[in-house]
Amino acid sequence: MNRLDELESQSIYILREAYNRIDSLSMLWSLGKDSNVMVWLARKAFFGRVPFPAILLDTGNELDEVYAFRDQYVDEWGLDYINAICPGYEETDPTLTSNARAAARKTLGLKRVIEENGFRGIFLGIRRDEQAVRSKERVFSPRGEDGAWDYKDQPPEFWDQYKTEFPPNTHVRIHPLLAWTEVDIWRYIEREQIPVVPLYFAKDGWRYRSLGEKDITRPVQSNASTIEEIIAELETTREPERAGRTMDHDSEDAFERLRQAGYM
Amino acid sequence: MEARAAKPNIQQIRTDAPRDLLKLVVVGHVDHGKSTLIGRLLYDTDSLPEGKLEELKVISQRRGMSLEWSFALDAFQAERDQAITIDTTQIWFKTPKRDVVIIDAPGHREFLKNMVSGAAAADAAVLVIDAAEGVREQTRRHGYLLHLLGVRQVAVVVNKMDLVDYSAQRFGDLVHEVTSYLAGLGLEPSFLLPISARDGDNVAVPSTNMSWYDGPTVLQAFDRFHVLTAPVEQPLRLPVQDVYHFDDRRIIAGRIESGILRAGDTLLFSPSNKIVKVRALEAWNAEPPIEAHAGQSVGITLEEQIFVERGEVISHVENPPPLTSVFRASLFWMGHTPLEPGRRYKLKLATKEANVTAETIERIIDTDSLAPRSGDKVERNMVAEVIFRSREVLAVDEYRSLARTGRFVLLDGYDTVGGGSISLEGYPDQRDALTIRSTNVFSVEHGVTGTSRAERNGHTGGVLWFTGFSGAGKSTLAMEVERRLFQKGYQVYVLDGDNVRRGLNANLGFSPDERAENIRRVGEAAALFADAGFICITAFISPYQADRDRARGAAQRVDTNAFHEIHVHADLATCEERDPKGLYKKARSGEIRDFTGISAPYEPPAAPELTVDTGNESVDDCVAAIIGHIERNFTMKERSGG
């Protein structure tokens, strides 16, 4: 088994553990490269099906190409799709910076869709190599009644035994891609020929490396217009992946505060 | 920091294919410089993101420190403020040969559970020791935990050599101390390195301050560790993770923990001891493979439909896992409440969950001296050897022969409180005592023959299998028939949901699989009653002909005429109108799923031995018809005559 085979097998194991142990699951489908890989892995794990809903936390501000991609693949992949409209900017924590407040709309949207549907488990396509705070995450990450992450007292997680027992009124975030790197994701997309939003490929010297909403995401300078070129670029770059995501960079603990409150 | 020019040239690494990934955990006493070493490695391999060095300088200055490398890893505000690592983190970098993911594990004793979470997945470990402070409590404890977690490749790194004037003597003394400790655990370090992480001595480039040392640098040592792979060459173990019926296939899903599985293999399920052949390996968007190896998550279909549930372990018939209800464990404890003999915990071993009781604490191990002592409880952060007992028989492995199915975690309520590895030394494999294998089944002739029983009872034994819709009157008729037969001197007994679900089938729910198994067990139990000379009446909806045929097969092993299928008939509308338990109402509202007649099919018997129509006939008439049938088929001549 090579590295991609191992990652794939481990992710499938995680997806199947959650599906067996946790009632009422759903998957956040942000439509980015990672969440498309996650949907793909679910179809592998469950022999062609995604046996739980796929949710887009919709602020109305996604890039146009992202919406077009969604409309095509909801049908093509046979997804049980939930379009979760996020509450407005004015409902977010005013002590956050404006970039972070825009991001916090998703936190509120997530909280709402969990409450409305009674979900006990949410799959998210976050990875440890994306961001230092995310690198501290567990694969099965329990959340309190308010959706908060108690990062100072996380449960032990070893030998592939995950936390699947919880008090009522709490939920668990499940992270099947936690061990993948950005390059792993692209190599897997290449190997499996998984469709992605075309914005990842360079046009006129710019490409999106990470997709967020229109107002808080910027493209990066790049000439990588194919998957091979993206992989070659990533193998040597020292630019962080989320450099184009403005909300991370407002203060030392900007992202930590967002995540503690329940952001992805 | 000045060594930038001498960094290895990482631009020459291959990027055209995925490289090896070495998972490496860095452990050691708090403040001995774990995070500093990692920060320095990132810097020396050009792995710090653009602008990170500047950011670290600013953050360090803000806290009145000189450049603090560990801030590269300590992501939480609280970690930077207290300059300690709270939770394990992971960070990637490239050596010329491979990718390395470094797991930075907290050194603080109170964060043991986080250290374990980081270290358990590692291929290799770096044990960092402060040259000035020497071996400390957590140095030894972490060494011990590496041993318990099964990390066998260890590099001992003596850090802060600058604080002891780069003394070869001091390095030699420390190395002697730590290697003799590790030797007590059966661990032999792969590398012993003197370094100064802050200044980069022997990290990525050989130190000019320690010319007496001619071994590898830290980076070179990383390239010499082995990346561990799943044990393909060992006996097959495939713990059942789930059973799917998304379409007409019934797919058993799980991950192969060791060995190889091929289509056509004969498999043994433990502890149920069922034997069945693999029909195929299933796959989506790919050709079905003909074999699969350790490490792969697979789905298989079987030649025969047998009842299988999560937690069973699939092996080949040769080399199966031992079965036991008692075992010894080397245990590390993380619970806030101490482990005490007599307390019950939930055990998770691969996909199996079972209740176990801590029976005896054999010894508590002082991780400082490795000296065993006795004790009546195991406190948080201690390690011990404990005997556990389970009520059910478990399929387990010896940790030292098959690690992945020989280790377990314990839960107390919602929380994981411990982890352990299994030793069966001194405990026999209970498999032989528990099973009659198809290879050595000899039916033992009972001293008392069926004929003698029938002569004494005045009737032969048999099974009257009542089938029909809920509300058709199966139980009512069964009870009345039983009462009248008993009065007539018959040996008679009724099996119904009430007495069977309470004990024999208490572990079964209402999924389609579990219903099938419920009926299978009833069929087997009824056959035993028949063999014992009883008239056994069963009252179950039993909607599927296949299930009833299997019950017939079981009874026919006793006597070819022992099984009589009796269709207790009433049309659905009548049954729904009666609705004695309110079940139809719940089924109509969707509260009960898969309800026979409403949301699940009923297959009427093709050729029942008797049909009674409770919709059009009175209970008395139906009872009389059944008793007449019994007298004609089971009663000895003398009795029916009298």
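**Close-up views of a predicted model**

**View 1. Lining of the largest cavity.** By class, this lining comprises 11 nonpolar, 6 polar and 11 charged residues (Ala, Val, Leu, Ile, Met, Phe, Trp, Tyr, Cys and Pro count as nonpolar, Asp, Glu, Lys and Arg as charged, the others, Gly among them, as polar). The model is predicted: local features need pLDDT of at least 70 and side-chain atom pairs pLDDT 80 or more, whereas totals for chains, interfaces and linings use all residues. Residues are numbered from 1 along each chain as its sequence is written, and chains are lettered from A in the order in which they are written. The largest cavity has a volume of about 480 Å³ (a set of points on a 1 Å grid over the protein atoms alone where a 1.4 Å probe fits but cannot get out; lining residues have an atom within 4 Å of a point; the volume is the space filled by probe spheres set on the points, joined across faces, edges and corners). Ser30(A), Arg134(A), Leu211(A), Arg245(A) and Met264(A) lie nearest its centre.

**View 2. The second largest cavity.** Its volume is about 110 Å³. Lining residues include Trp159(A) and Arg404(B). Strand E20 (residues 407–412) of chain B gives the most to this lining, with 3 residues (strands are DSSP runs of E, at least two residues, and helices of H or I, at least four, numbered from the N terminus).

**View 3. Parallel strands in chain B.** Strands E4 (residues 124–130) and E5 (residues 153–159) of chain B run parallel, joined by 7 bridges (strands pair if DSSP finds at least two bridges between them). Asp130(B) has Asn159(B) as its bridge partner in E5(B).

Key:
Side-chain values use heavy atoms; hydrogens and water are left out. On a 1 Å grid over the protein atoms alone, a cavity is a set of points where a 1.4 Å probe fits but cannot get out, and a pocket is an open set with protein on both sides within 12 Å along at least five of seven lines; lining residues have an atom within 4 Å of a point.
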